[in-house]
Amino acid sequence: MSTLLRIAIQKSGRLQEGSLDLLHESGLSFSNGKDQLKTQARNFPVEILFLRDDDIPQYVEDQVADVGIVGENVFCEKKKNNELVKRLDFAKCRLSMAVPRSENYTGVQWLNGKNIATSYPNIVKDFLQKNNIKAGIHEISGSVEIAPGIGLADAICDLVSTGSTLLSNGLKEVEVVMQSEAVIIANPTLDAEKKKILEKLLFRIEAVRKAKN
Ligand code: PRT
Ligand code: ZN
């Protein structure tokens with residue numbers, strides 16, 4: 001049996017369309033039915049797995065998948081044994097601190113002694129440490145932007161793209177913690193054959209990018 005490179009992409013959500021477009025534009029032909037867990041490309045030695053984005057770094061570490069497409073924010077948060085192989089220039093956003101608009105935010109020290117709600121506790125912890133700030137971190141998995149309004153936290157750290165979610169929840173963005181975009185991650189111990197397939201795919205992705213510019 002010949003080697004297949006297993007690529008994990010998001011099953012549904014903000015990364016799905018960009019990930020599918022990227023693979024299709026690179027010349028891969030495959031079907032992606034709604035309830036499919038995986039599919040094999042007809043004309044390239046890859047198998048595509050459809051997963052929740054949060055699970056992808058672990059699957060790549062465990063070699064259930066060889067490579068994956070995730071947001072850089074997820075790659076940084078999960079701290080798995082993954083290698084960042086390529087930035088992909090879509091799903092761009094930033095992970096930012098935001099506070100109620102009425103607060104007189106004077107700088108990062110304002111966060112000292114405060115409570116911060118986030119789905120990204122590891123990234124927030126590193127940011128606070130780097131800035132010498134002691135604050136509480138309240139991990140919640142969704143609807144982070146409502147936390148200050150219901151008295152759960154003084155500030156939030158969440159993804160922002162247009163800023164309209166912050167605005168409609170009475171919050172203002174005060175610190176950009178990191179910029180993010182979709183990235184390809186890989187298991188660092190791929191065998192030679194899989195590496196070769198990945199190189200070929202990366203070459204095609206680069207060719208598509210050049211043709212677009
Ligand atoms: O089901 P699954 O777990 O796979 O998906 P998910 O719900 O965890 O993720 P999804 O699809 O929402 O996002 C996947 C990835 O898209 C994120 O990890 C980011 O890398 C990227 N991305 C880009 C974003 C945004 N832009 C974004 N705006 N992810 C989320 N948002 C949310 C944000 O959390 C906030 O609620 O959109 C809101 C803010 O948007 P604006 O435009 O109002 O500022
Ligand atoms: Zn997710």
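**Entry 1: Glu 206 and Lys 86**

I started with the side chains of Glu 206 and Lys 86, which meet in a salt bridge at 2.7 Å, N to O. My cut-off for a salt bridge is a side-chain nitrogen of Lys or Arg within 4 Å of a carboxyl oxygen of Asp or Glu. Glu 206 sits in helix 6 and Lys 86 in strand 5 (residues 83-87), so the pair ties together parts that are 120 residues apart in sequence. Helices (H or I, at least four residues) and strands (E, at least two) are DSSP runs, numbered from the N terminus. Both partners, Glu 206 and Lys 86, are buried. Buried means under 20% relative accessible area, exposed over 50%, and partly exposed in between (1.4 Å probe, protein chains only).

Before going on, a note on the source: this is a predicted model, where local features need pLDDT of at least 70, side-chain atom pairs count only at pLDDT 80 or more, and totals for chains, interfaces and linings use all residues. Residues are numbered from 1 along each chain as its sequence is written, chains are lettered from A and ligands numbered from 1 in the order in which they are written, and side-chain values use heavy atoms, with hydrogens and water left out.

**Entry 2: the other salt bridges**

How many salt bridges does a search of the whole structure find? I get 10.

I took the Arg 6 to Asp 66 bridge, whose closest N and O atoms are 3.2 Å apart. Arg 6 is in strand 1 and Asp 66 in the loop between helix 2 (56-61) and strand 4, 60 residues apart. Is Asp 66 buried or exposed? Asp 66 is buried, at a relative accessible area of 3%, while Arg 6 is partly exposed at 23%.

Next I checked Asp 66 with Lys 194, and the closest N and O atoms are 3.1 Å apart. This pair also links distant parts of the chain, since Lys 194 is in helix 6, 128 residues from Asp 66. Lys 194 is buried, as is Asp 66.

**Entry 3: the aromatic pair**

I found one aromatic pair in the structure. Tyr 105 and Trp 110 are tilted, 5.6 Å centre to centre with 50° between the planes. Rings of Phe, Tyr and Trp (its six-membered ring) pair if their centres lie within 6.5 Å; planes under 30 degrees apart count as stacked, over 60 as edge-to-face and the rest as tilted. Tyr 105 is buried at 16% relative accessible area, and Trp 110 is buried at 10%. I also noted Lys 114 over the face of Trp 110, 4.2 Å from the ring centre. That call needs NZ of Lys or CZ of Arg within 6 Å of the ring centre and within 35 degrees of the ring normal.

**Entry 4: helix 1**

Which residues of helix 1 (residues 16-25) are buried? My list is Gly 18, Ser 19, Leu 20, Leu 22 and Leu 23. Their cover includes strand 1 (5-10), strand 3 (46-51), strand 4 (67-71) and helix 6 (192-212), with contact meaning heavy atoms within 4.5 Å. Just after helix 1, Gly 27 takes a positive phi of about 95°.

**Entry 5: Glu 47**

I looked up Glu 47 in strand 3, which counts as buried at 14% relative accessibility. Leaving out residues up to four places away in sequence, Glu 47 touches Leu 4, Leu 5, Arg 6, Ile 7, Lys 38, Thr 39 and Gln 40.
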